[in-house]
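Here is a short tour of one structure, written to be read with the model open beside it. Take a moment to look around before reading on.

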Amino acid sequence: MIAGPSVDAHHLLPRSQGGKETIPLHRVCHRKIHAELTEKELARGYTTLEALRAHPAIADFIRWVARKPPEFTAVTFRSKARTQARRK
Ligand SMILES: [Zn+2]
């Protein structure tokens, strides 16, 4: 797990369901989880990292993102900053 600005805290049990425990997740993986699953679904069956990893679409995504360089999202943010710098 890479610490830094591209890491989000994910509530294993959604906050709306009374969850307090968080785990650090790479931001792109975190976004994918919430794109695939509603908070109700998360609360019902995906309150562990193992369960999340076993979700077919998320498992596919992890396989895909694993082929990207470790600083995948950092590169995205950096190139955005470079574009803005050029405009000045
Ligand atoms: Zn989350």
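The side chains of Asp-8 and Arg-27 form a salt bridge, with N and O 2.7 Å apart. Please keep in mind throughout that this is a predicted model. Asp-8 belongs to strand E1 (residues 7-11) and Arg-27 to helix H1 (residues 27-36), so their contact ties together parts that are 19 residues apart in sequence. Asp-8 is buried, at a relative accessible area of 17%, whereas Arg-27 counts as partly exposed at 22%.

**Salt bridges**

How many salt bridges does the structure hold? There are three, and the table sets them side by side.

| Pair | N to O distance |
|---|---|
| Asp-8 and Arg-27 | 2.7 Å |
| Glu-36 and Lys-32 | 2.8 Å |
| Arg-63 and Asp-60 | 2.7 Å |

Let us take the other two in turn. Glu-36 and Lys-32 are four residues apart in helix H1, a separation of about one helical turn. An α-helix has 3.6 residues a turn, so residues three or four places apart point the same way. Glu-36 is partly exposed, with 31% relative accessibility, and Lys-32 is also partly exposed, with 21%.

Arg-63 and Asp-60 share helix H4, where three residues, about one turn of the helix, lie between their positions. Here Arg-63 counts as exposed at 53% relative accessibility, while Asp-60 counts as partly exposed at 46%.

**The two sides of helix H4**

Which residues of helix H4 (residues 56-65) are buried? Ile-58, Ala-59, Phe-61 and Val-65 are. These four cover an arc of only 160 degrees around the axis, which puts them on the same side of H4. On the other side of the helix, Pro-56 and Arg-63 are exposed.

The structure holds one aromatic pair. Its members are Phe-61 and Trp-64, with ring centres 5.6 Å apart and planes at 40 degrees, so the pair is described as tilted. Both residues lie in helix H4, three residues apart, or about one turn of the helix. Phe-61 is buried, at a relative accessible area of 15%, whereas Trp-64 counts as partly exposed at 35%.

**The zinc ion**

Which protein atoms are the donors of the zinc ion? They are ND1 of His-10, NE2 of His-30 and NE2 of His-34, lying 2.0 Å from the ion. Along the chain, the donors follow the spacing H-x19-H-x3-H.

His-30 and His-34 both sit in helix H1, four residues apart, which is about one turn of the helix.

**Bringing it together**

In helix H4, Phe-61 is one of the buried residues and is paired with Trp-64 in a tilted arrangement.

Technical notes:
Residues are numbered from 1 along each chain as its sequence is written. This is a predicted model: local features need pLDDT of at least 70, side-chain atom pairs count only at pLDDT 80 or more; totals for chains, interfaces and linings use all residues. Side-chain values use heavy atoms; hydrogens and water are left out. Buried means under 20% relative accessible area, exposed over 50%, partly exposed in between (1.4 Å probe, protein chains only). The arc is that of the directions from the helix axis to the C-beta atoms. A salt bridge is a side-chain nitrogen of Lys or Arg within 4 Å of a carboxyl oxygen of Asp or Glu. Rings of Phe, Tyr and Trp (its six-membered ring) pair if their centres lie within 6.5 Å; planes under 30 degrees apart count as stacked, over 60 as edge-to-face and the rest as tilted. Donors are N, O and S atoms within 2.8 Å of the metal (3.2 Å for Na, K and Ca); water is not among the atoms, so sites may look incomplete.
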